[in-house]
Amino acid sequence: MKKVTAQVKGMHCASCSARIEKVVGNMDGVDDVSVNLAAETMALSFDPDAVSADEVGKKIKGLGFEAEFDEPQEPVAGGLSALDLDIGGMHCASCSSRIERVVGKMNGVDTASVNLAAETGKFVFDPSLVSRREIRDAIANAGFTSEVRSEEGDLFEKRRKEAEDRLAAQKRALIPAFCFALPLLILSMGHMWGMPLPAFLDPAHSPATFAVVQLLLTLPVVWSGRNFYLHGVPALLRGGPDMDSLVAMGTGAAFLYSLWNTLALLFGLGDPHVLAMDLYYESAAVLIAMISLGKYFEARSKLKTSDAIRALMQLAPDTATLLKDGEQVDIAVAEVEPGDLLLIKPGERIPVDGTVTDGRSSVDESMLTGEPMPVGKQVGDPVAGGTLNSSGALTMRADRVGNDTMLARIVKLVQEAQGSKAPIANLADRISFYFVPTVMLIALIAGLAWYFIGQAGFPFSLRIFVAVMVIACPCAMGLATPVSIMVSAGRGAQLGVLIKSGRALQEAGSLDTVVFDKTGTLTHGRPEVAAITMVRGTMAQTEAVYLAASAESQSEHPLAQAVVRHAKEKGLDYPAPDEFEAILGKGIKAKVGYREVMIGNWAFMREHGLGFGDDGFAEEAVGHYERQGATVVYFASDNKLNALFAIADEMREETPEVVAALKKGGLTPVMLTGDNETNARVIAGRAGIDEVIAGVLPDRKAEEVDRLQTEGRKVAMVGDGINDAPALAKADIGIAMGSGIDVAVESGDVVLMHSDLHAILTALNLSRATLRNIKQNLFWAFAFNVIGIPVAAGVLHVFGGPTLNPMIAGTAMAMSSVTVVSNALRLRFFK
């Protein structure tokens with residue numbers, strides 16, 4: 001199956017998105033389709049052998065919409081890279097041919113293709129033989145200009161610019177709408193409110209003038225709202241009516257009825273005074289004006305949902321300082337290539353991902369990780385594009401550039417999350433598909449019932465018909481879920497929490513069990529020497545550390561590395577061992593100078609007949625250390641037991657607090673570890689975790705998660721996303737917890753960008769807040785319609801109550817969408 005995304009233009013309400021899903025979903029070869037009304041996007045999965053993206057696009061066009069498919073990057077052969085450029089200065093075919101010829105002859109360039117009409121070029125090359133900069137220099141030497149194309153950023157800005165232009169057009173249309181609708185309202189209703197009209201406008205003296213002036217005031221308003229008719233009427237004729245169809249039919253009925261009465265009055269086909277008082281121009285005009293105002297507010301609010309993405313994109317600076325031949329050269333960030341040396345001055349943002357090669361400084365990574373404290377950086381440390389160099393100057397080597405940087409990957413993940421849908425939206429989508437035709441039927445039945453059964457007369461029945469048509473709001477239902485997800489995904493990214501789909505958001509809000517991988521999650525994941533006990537009468541502690549570090553320096557085992565780090569912290573300069581042998585599952589043997597050294601577990605010592613002798617204190621220390629959750633490593637030399645190294649992976653300071661908060665929130669924490677039962681229980685007890693699953697090898701973690709799920713639990717698995725990836729995938733929600741900019745953002749359903757466990761609470765609380773927000777939106781969306789439609793149909797009037805004025809009905813409809821979007825925007829302030 002092939003997966004593509006597309007921008008869908010022309011959608012106005014949930015009926016539109018539901019209709020596209022229904023029609024496209026029924027096409028042969030289409031596996032899955034999801035249309036997001038708020039993001040105006042479509043995610044499509046299809047079999048390219050059965051149907052093409054162009055065929056899907058034509059089908060969507062036949063429905064009255066336009067699908068703009070995002071062109072996937074064509075893969076290049078292994079080891080080759082592709083460079084896309086915007087090229088300026090070309091005037092004819094000879095210009096493009098010359099560029100192809102010049103660049104194509106360069107050593108390392110595989111293909112050079114230039115499009116004269118689009119003023120673009122695509123060059124495939126071997127980066128080990130030729131660089132991007134050399135290709136651009138060759139183009140410049142040929143007399144042309146070039147700029148690196150940034151597909152993701154350019155596409156985002158293009159679409160945002162289109163949205164801003166539409167918003168500006170909507171704002172301009174409001175001026176004539178209200179400038180003519182307000183005088184029309186005063187003219188038509190003023191005399192009822194005790195406002196006298198001049199004789200030449202008074203319907204009692206000049207009914208024809210009264211009617212014609214209303215018509216003339218209505219026409220500019222109808223013109224300003226012409227899109228309701230241009231979109232709504234064709235949609236109705238195609239058999240797929242939408243919200244614009246409701247507005248067009250409702251206001252159109254009021255306008256045409258009033259126009260008929262105006263013509264009848266002018267041609268003397270009835271009592272002029274009666275006809276003059278039977279006009280509904282103001283209903284049509286005020287409805288168009290108020291609904292247009294509501295659509296403007298809705299569009300403005302929807303535009304704000306992409307603010308978080310824009311803020312992330314703006315983190316990357318426009319230029320970088322390249323160190324070349326001992327000189328500093330300012331270049332565009334798009335021109336930076338892997339291997340370039342860049343100078344980062346204090347107060348500047350780091351342009352791309354890389355490694356510090358010189359200097360020392362503190363870097364503010366809060367914009368990516370949510371971690372407020374600056375992180376110290378020195379030679380060999382990684383740095384990420386978009387972060388802020390706080391103090392000293394740094395020289396860095398560029399490693400990942402363009403779309404490969406951490407910032408670009410985060411932006412992409414957030415965009416994908418914003419375009420996804422939550423399962424809770426399915427009900428609203430199903431209702432939306434049938435909603436508009438149902439409302440039209442209700443409006444028609446209500447109008448006819450009042451006319452024929454209620455004997456209410458045509459004007460009253462028309463008012464009922466119009467009120468039902470314009471109060472119905474499919475937009476609110478369609479926006480209820482996706483807008484909340486868009487805002488939540490953006491806010492999460494700002495807090496260092498990447499929630500990668502609407503499904504993950506919904507699932508995370510309904511969990512009851514959180515499984516923690518112990519090492520690196522509840523603990524720091526870095527064993528350290530916590531204490532050393534010497535066996536009486538053997539050797540000095542410094543000598544034992546020196547010999548142990550020398551022997552362990554050849555081992556990759558985490559416990560061995562803890563001993564080596566301890567020696568370095570003590571300032572000991574130890575040699576490599578002369579001989580080294582690792583005994584699987586037991587320990588090591590080594591020769592350091594003339595000393596024979598053994599390091600390992602108690603079974604290893606007993607195997608060689610070693611013991612504590614008469615040192616009862618050292619023997620008791622073993623039990624003490626193990627009760628504290630430490631692992632005891634035994635050190636012996638020359639057939640004598642010399643020392644005990646108590647090595648512990650220290651628990652994170654915040655672990656007990658976070659576990660307590662999870663319990664308070666109704667969640668059951670579980671610890672999953674490969675440690676033995678005794679050590680695991682000690683760590684779990686200090687963390688406040690009651691349920692422990694110990695002795696589990698990495699390849700069996702997924703089985704344990706599955707076992708918990710078979711008990712009916714909704715399980716989240718928290719791990720590092722590397723050695724426990726199967727368990728993360730098996731859980732209802734996989735939470736990958738990283739350490740700052742080194743986190744693997746592709747792992748898990750939720751990615752925590754920093755290693756503080758409080759981020760788990762942030763992720764779960766944000767998910768719950770989002771789920772609450774979605775439910776509130778759905779409640780208001782359905783409440784507007786469930787309450788409003790019967791009232792507009794005159795149900796209250798049957799029992800002696802009031803009817804709903806169409807102008808108020810239309811205003812209520814417009815405000816329903818604004819209410820839903822505004823409520824979702826509250827998530828921007830989640831903390």
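The following questions and answers concern a predicted model.

Reader: Which residues of helix H2 are buried, and what arc around the axis do they cover?
Author: Helix H2 spans residues 53-62, and its buried residues are Ala53, Val56, Gly57 and Ile60. They lie on the same side of H2, because around the axis they cover an arc of only 100°.

Reader: Why can residues three or four places apart in an α-helix point the same way?
Author: The answer rests on the helical repeat. Residues at that spacing point the same way because an α-helix turns once every 3.6 residues.

Reader: What covers the buried residues of H2, and which exposed residues does the face turned away from the buried side carry?
Author: The cover over the buried residues of H2 includes helix H1 (14-25), strand S2 (30-36), strand S3 (41-46) and strand S4 (66-69). The face of H2 turned away from the buried side carries exposed residues, namely Asp54, Lys58 and Lys61.

Reader: Which residue with a positive phi follows H2?
Author: The phi of this residue is near 100°. The residue that follows H2 with this positive phi is Gly64.

Reader: Is Ser96 buried or exposed, and which backbone oxygen lies 2.9 Å from a polar atom of its side chain?
Author: Ser96 lies in helix H3, residues 93-104. Its relative accessible area is 8%, which means that Ser96 is buried, the cut-off being under 20%. Not counting residues up to four places away in sequence, Ser96 touches Met90, Val114 and Leu116. The backbone oxygen 2.9 Å from a polar atom of the Ser96 side chain belongs to Ala93.

Reader: How many salt bridges does a search of the whole structure find?
Author: One of them joins the side chains of Glu68 and Lys9, at 3.1 Å from N to O. This pair links distant parts of the chain, since Glu68 is in strand S4 and Lys9 in strand S1 (residues 2-9), 59 residues apart. Glu68 counts as partly exposed at 23% relative accessibility, and Lys9 counts as partly exposed at 25%. The search of the whole structure finds 35 salt bridges.

Reader: In which helix do Glu298 and Lys295 both lie, and how far apart are their closest N and O atoms?
Author: Both residues lie in helix H10 (residues 281-304), 3 residues apart, about one turn of the helix. Glu298 and Lys295 are both buried. In their salt bridge, the closest N and O atoms are 3.9 Å apart.

Reader: Which residues are linked in a network of salt bridges?
Author: The network contains residues of Glu and Arg. Its members are Glu691, Arg700, Glu703, Glu704, Arg707, Glu711 and Arg713.

Key: Residues are numbered from 1 along each chain as its sequence is written. This is a predicted model: local features need pLDDT of at least 70, side-chain atom pairs count only at pLDDT 80 or more; totals for chains, interfaces and linings use all residues. Side-chain values use heavy atoms; hydrogens and water are left out. Buried means under 20% relative accessible area, exposed over 50%, partly exposed in between (1.4 Å probe, protein chains only). Helices (H or I, at least four residues) and strands (E, at least two) are DSSP runs, numbered from the N terminus. The arc is that of the directions from the helix axis to the C-beta atoms. Contact means heavy atoms within 4.5 Å. A polar contact is a pair of N or O atoms within 3.5 Å; within protein, one must be able to donate a hydrogen and the other to accept it, and residues adjacent in sequence count only if both atoms are side-chain atoms. A salt bridge is a side-chain nitrogen of Lys or Arg within 4 Å of a carboxyl oxygen of Asp or Glu.
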